[in-house]
Amino acid sequence: MGFVRNLIYEQYFLSVPEPTASFAHKTVVITGSNGGLGKEAARHVARLGCPRLILGVRNTKAGEEARRDIIATTTATESSIEVWEVDLSSFASVRNFARRAERTLDRLDVLICNAGINTFKYAEREGYESMLTVNVLSTYLMATEFIPLLERTASLGPVNGDPAPRPPHLTIVGSDTHMMASFPERNEPPSKVLSKISADCQKSGRLRGQYAESKLLILLLARDLVAQRGMENSSVVINVTNPGMCYSDLVHEVAGPAKVLNFVLRARSTEEGGGALVNGASFGKQSHGQFLSSNKVHKGSALSRDGETGRKLCTAVDQALKKT
Ligand SMILES: NC(=O)c1ccc[n+]([C@@H]2O[C@H](COP(=O)([O-])OP(=O)(O)OC[C@H]3O[C@@H](n4cnc5c(N)ncnc54)[C@H](OP(=O)(O)O)[C@@H]3O)[C@@H](O)[C@H]2O)c1
């Protein structure tokens with residue numbers, strides 16, 4: 001099914017069940033959780049009994065406000081929610097965040113890599129187009145930096161008395177828009193792929209498709225991580241979860257047209273979108289290496305399942321990150 005048909009079908013005919021899985025005894029990190037879907041995902045997790053929830057945010061003042069709001073609207077205690085700073089426009093910040101987690105957390109049951117941007121303005125971060133840096137390179141860097149802690153948690157097993165033991169989950173927030181992306185730079189050699197994407201985005205028109213492409217790239221990388229990196233039988237579940245089109249600040253630069261589209265396409269509420277992420281983060285082994293949409297495993301685009309393209313992209317990203 002093409003992107004538009006799939007979008008209409010999911011927005012009109014499918015919905016996201018409210019999350020019910022217990023998060024008692026679980027330690028959870030959610031990035032970009034000061035607002036939008038990340039904050040609502042955090043609220044669900046707090047409501048479901050999470051005793052240690054870390055909001056990873058670039059704006060700690062907004063993070064503290066989100067923390068207070070979640071505590072005021074759930075049974076979460078003051079000590080159960082912390083705000084940690086992380087800015088995905090900086091690889092050093094992502095690495096510091098992961099180091100802090102390694103130092104401070106005795107376990108990590110769930111990481112939801114939610115922070116993301118959608119912009120129509122060309123800007124560079126860490127030498128690459130900003131959506132490429134935030135949605136792809138830093139998100140992938142964060143995922144790989146946290147995998148050892150998630151694996152250690154798997155080997156520890158569930159905390160005694162956990163009413164809902166499950167393997168640790170690494171959930172990356174994806175999007176069905178990836179189905180629109182054609183990744184025209186995929187035929188470049190690995191050493192040139194990322195700089196070619198940035199250069200193409202500087203040309204007029206190309207930037208408009210970059211958000212969708214960034215979501216294709218992160219799905220390719222996640223699939224490659226599972227298929228090629230010896231993680232097929234990992235004790236950590238890795239999935240990419242699409243919340244569907246939801247009300248949020250994601251496209252604030254074009255708020256007027258976005259309102260119309262949201263209305264026509266029956267955008268999901270922010271709570272429902274956040275719920276989709278929490279369902280993804282408790283989905284279980286059948287979601288390992290998969291794309292989830294409307295609470296179901298979805299094939300995603302054919303290109304997102306092209307192992308050769310994923311491998312090449314992964315080489316390009318590894319080479320780029322190694323230099324930093
Ligand atoms: N809304 C949708 O229809 C939809 C559909 C599919 C997928 N998604 C995905 O869902 C995720 C959440 O988006 P949203 O819709 O909730 O949008 P949003 O309301 O704009 O929230 C995005 C969150 O990411 C944070 N963020 C952005 N850049 C960051 C950076 N450099 N470092 C750290 N945090 C950063 C934002 O922090 P600030 O407040 O500081 O900017 C905010 O907390 C994104 O990955 C998005 O691509 C959304």
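I start with the ground rules, then the sheet, then the helices.

This is a predicted model, in which local features need pLDDT of at least 70, side-chain atom pairs count only at pLDDT 80 or more, and totals for chains, interfaces and linings use all residues. Residues are numbered from 1 along each chain as its sequence is written, and side-chain values use heavy atoms, with hydrogens and water left out.

Helices (H or I, at least four residues) and strands (E, at least two) are DSSP runs numbered from the N terminus. Two strands pair if DSSP finds at least two bridges between them.

The open sheet has 8 strands, in the order E3-E2-E1-E4-E7-E8-E9-E10, with mixed pairing. Strands E3 (81-85) and E10 (296-298) are at the edges with a single partner strand each, so one side of each has no neighbour in the sheet. E2 (residues 52-57) runs parallel to E3, joined by 5 bridges. Leucine 53 has isoleucine 81 in E3 as its bridge partner.

Now the helices. Contact means heavy atoms within 4.5 Å. Axes are lines fitted to C-alpha atoms, for helices over the stretch in contact, and angles run from 0 to 180 degrees between N-to-C directions. Helix H2 (residues 36-47) lies across E1 (27-31), E2 and E3, at about 165° to E1. Helix H3 (residues 60-73) lies across E2 and E3, at about 165° to E3.

The axes of H2 and helix H9 (residues 270-280) come within 7 Å and cross at roughly 65°. These two helices are therefore roughly perpendicular, a term for angles of 65 to 115 degrees.

Conventions. Angles under 35 degrees count as roughly parallel, over 145 as roughly antiparallel, 65 to 115 as roughly perpendicular and the rest as oblique.
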